[in-house]
Amino acid sequence: MGNGMSAISLKNLDVSYGDTRVVEGVSLEIAEGECFGLVGESGSGKSTVLRAITGLAPDWEGEIDLFGQPRDKSIDKRFAALCQMVFQDPYGSLHPRQTVDATLSEPLAIHGIKDADRRVPEMMEACGLDPRFRFRLPHQLSGGQRQRVAIARALMLKPKILLLDEPTSALDVSVQAEILNLLKRLRREQGLTYVIVTHDLPVVSFLCDRLAVMRQGRIVEVADVAALKTNTMKDPYSRELVEKSTTRITA
Amino acid sequence: MSEPLLDVQNLRVRFPTATGPVEVVRGVSFTLGRERLGIVGESGSGKSMTGRSILRLIRKPGEVTADRLRFDGKDLLSISEREMRKVRGARISMVMQDPKFSLNPVMTVGEQIGEALAVHEKLPRRQIRERVLTMLEAVQIRDPERVFGLYPHEVSGGMGQRVMIAMMLIPEPAILIADEPTSALDVSVQGEVLKIIDELITRNGMGLIFISHDLHLVSQFCDRILVMYRGEVVEQCAASELDKASHPYTRGLLASVPQLNETRELLPVLDRSQWETA
Amino acid sequence: MSMTTRDWLLTESPSSRMQARLGRSYRVLLALLRNPLAVIGAVIIIALVVLAIFAPWFATHSPYSGQLTNRLQPPSAEFWLGTDELGRDIWSRIVYGARITLMIVLLVAAIAAPLGLVIGAVSGYFGGWTDRILMGITDVFLSMPKLILALAFVAALGPGIENAVIAIAITSWPAYARIARAETLTFRNSEFIAAIRLQGASAMRVILRHILPLCSSSVIIRVTLDMAGIILTAAGLGFLGLGAQPPLPEWGAMISRGRAFILDQWWVATMPGFAIIIVSLGFCFLGDGLRDVLDPKSGGKQ
């Protein structure tokens, strides 16, 4: 592995929901500062990998290491400060009765960090949120603004790893562009490691360095994003996926 | 093209709010022949409201007005609700985004498709069953006999949407309004579903209104495109000439989509002040 | 001036936590005022509260002592609602009785609602064995008729108003636990709860700060609607002689005493009966109004 330690290292990861095994034998090494894309169709288990890393899908076997530290199945404060997640649906991932201020202060309160009045406006600014939104409720914000709040919340504890589960698929294309730009800038500014799950290959092409194609719970291929751009992926299924995303109507 | 199937002039949809009425569709005009018309726009552009208002599906207190909303020699805004029911489903049908919410969970798939037929045409049961099975085959469901007896929760998303399409097309309507029919589906399934819609439309010589947020998808699939923004049509062009679009909104939208071989460091963001007049 | 206060309250972009909170309450209030039934209900409840607080000013006579020479007088200018068999003024007794009714209602709500909320939320959030055990207990309580169960408790604890309150509270929490559990189940797997768990929040914190506020509006609505039932149960216990003891002017007990004269002196039993009906209706109206305003499921977006 050389001298550089992996930010995330998965070895032979199996994840089950009840009796059904959703992810089988997944092994990945994701370097610090890298942006890694996990692509596949729905049911391929790509989101489940993220949920296993976070502990939201605790029924897994194998090994998950974050910066060389083996991960257990609980969600504790140390893990929370290291790794955060942004969810797909900006309408479902914010507490409907809490203002932006309450949502962003909560992680600080949990970790006993005092200066919320300085940090909340700072983070809002970093995520491109107008300070006037601070005391608004989610229903007073647009989808894009909500997703900015969700990203800001994930970054409040200054994590090193950000897991992104289809962060733009519920948004309009013009808003998607804004959020993708924001994610790119935040990664550069804060030296974050991203793992992004998406079905949208152009998003991977824009944001990622490497990608893994998943199918029915297994990794089919790990490739450089250059292979995606030039359509020179090795596995036939990967190529089929690329093909379908360029010409959707095979009439 | 002869007499258009549908002629819409100056369509407006208004909703009263605490701070006065809000117009969500502001003077939309278009005609539809036996063709595939795409209506593209982002959320809040009024594209879905336009589709729904044609079938008078806007709920109170919403209010629909138009200088003209003609279909089949009838003015859809002035006919009685009873006559409207004969149009809805039988002559103009609509496919919605998510089959999960549009199918009745306690009726089998076959019964539901047959229901559409039984309401509009009085046919003996056996004949209905046969027509349903043929229709299921037409939407490329491999073993129609088995699917006929399944309940909606037992079918996958892609199959559910095919069932919806079968249900909407079995009375052989003149116009199909498809509101984001594939947005809830996987890319691979999307293609198949679109292909089915396309084949059935062409075969029956129907008109299609395809409502979507996806400019590229619409440009590949439709003959003509209307781009809507804030309740108005800002661009109208042939699908093949989308790359020559003139309105800055359309051009901005096209540019903001990432490409498969993306090389840009940042994506261009829409500058709405460019065309919005306060 | 009033215009600017209104604008300050209704602004889309409040500039402080305080302003945001006041603005939200003001919106709820405005929505309530738009609902005529809710306004009627609120007026009745406010009247009840005012009567209870200022009972000595509203009462025309002493509620406890009367003159036997005036016994069983029909309603008149002197005795607005007549007198009872001991010559006590019924209006004054009803006014003082409002205190007892209000106390019962508040105590029951203060005991039963939080108990039900916490049990329901814990049960729904953890699921599994916790859920099975807690809901088993809840079902045992739910399976018995309220009044009979309350009767049994009062019989065990001894008659008296405090014991009646405890008995009613014990019999009414299971309904709230069921509601809170059902609501919790709908949020438990939602992304915003997952996001809060990922911030490292303890289960306790998730339940208390994030789940309970979401269940509370349904429970508040249900409690308000149940108030009528609580008043009736309290009156029932009073009627059976197991609630408030004489000479306390509890409405149910008053009806019970008036029963003996119901054919000839109808007002003795009827007047407190009216009081119970009006207050029960008031709570029902208010509860319906609250449901329209607070319940997210009724689709009434404000």
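## Basis of the description

Helices (H or I, at least four residues) and strands (E, at least two) are taken here as DSSP runs and numbered from the N terminus. This is a predicted model, in which local features need pLDDT of at least 70 and side-chain atom pairs count only at pLDDT 80 or more, while totals for chains, interfaces and linings use all residues. Residues are numbered from 1 along each chain as its sequence is written, and chains are lettered from A and ligands numbered from 1 in the order in which they are written.

## Chain C

Chain C holds 12 helices and 0 strands, so that its pattern along the sequence reads α-α-α-α-α-α-α-α-α-α-α-α. Its C-alpha atoms fill a box of roughly 75 × 55 × 25 Å along the principal axes.

Of the 302 residues in chain C, 41% are buried, where buried means that 20 or more other C-beta atoms, placed from the backbone, lie within 10 Å of the residue's own. Two residues count as being in contact if their C-beta atoms, placed from the backbone, lie within 7 Å; among contacts in chain C between residues at least 6 apart in sequence, 68% join residues at least 24 apart.

## How the chains meet

Of the 2 pairs of chains that touch, chains A and B have the most contacts. Here 28 residues of chain B are in contact with 25 residues of chain A, and on the chain B side α8 (187-204), α9 (215-221) and α10 (248-256) each supply at least two residues, with the largest share, 7 residues, coming from α8(B).

The contact between chains A and C takes 27 residues from chain A and 23 residues from chain C. On the chain A side, α2 (77-82), β6 (83-86) and α3 (100-110) each supply at least two residues, and α3(A) gives the largest share, 4 residues. No contact joins chain B and chain C, whose closest C-alpha atoms lie 9 Å apart.

## Helix α3 of chain A

Because 8 of the 11 residues of α3(A) are buried, this helix is largely enclosed by the rest of the structure. The buried residues are Val100(A), Asp101(A), Thr103(A), Leu104(A), Ser105(A), Glu106(A), Pro107(A) and Ile110(A).

These buried residues of α3(A) pack against elements of two chains, namely α4 (116-126) and α5 (143-155) of chain A together with α2 (17-33), α9 (191-198) and α10 (203-239) of chain C. After α3(A) comes Gly112(A), whose phi is positive, near 65°.

Technical notes:
A residue is buried if 20 or more other C-beta atoms lie within 10 Å of its own, exposed if 12 or fewer, and partly exposed in between; C-beta atoms are placed from the backbone.
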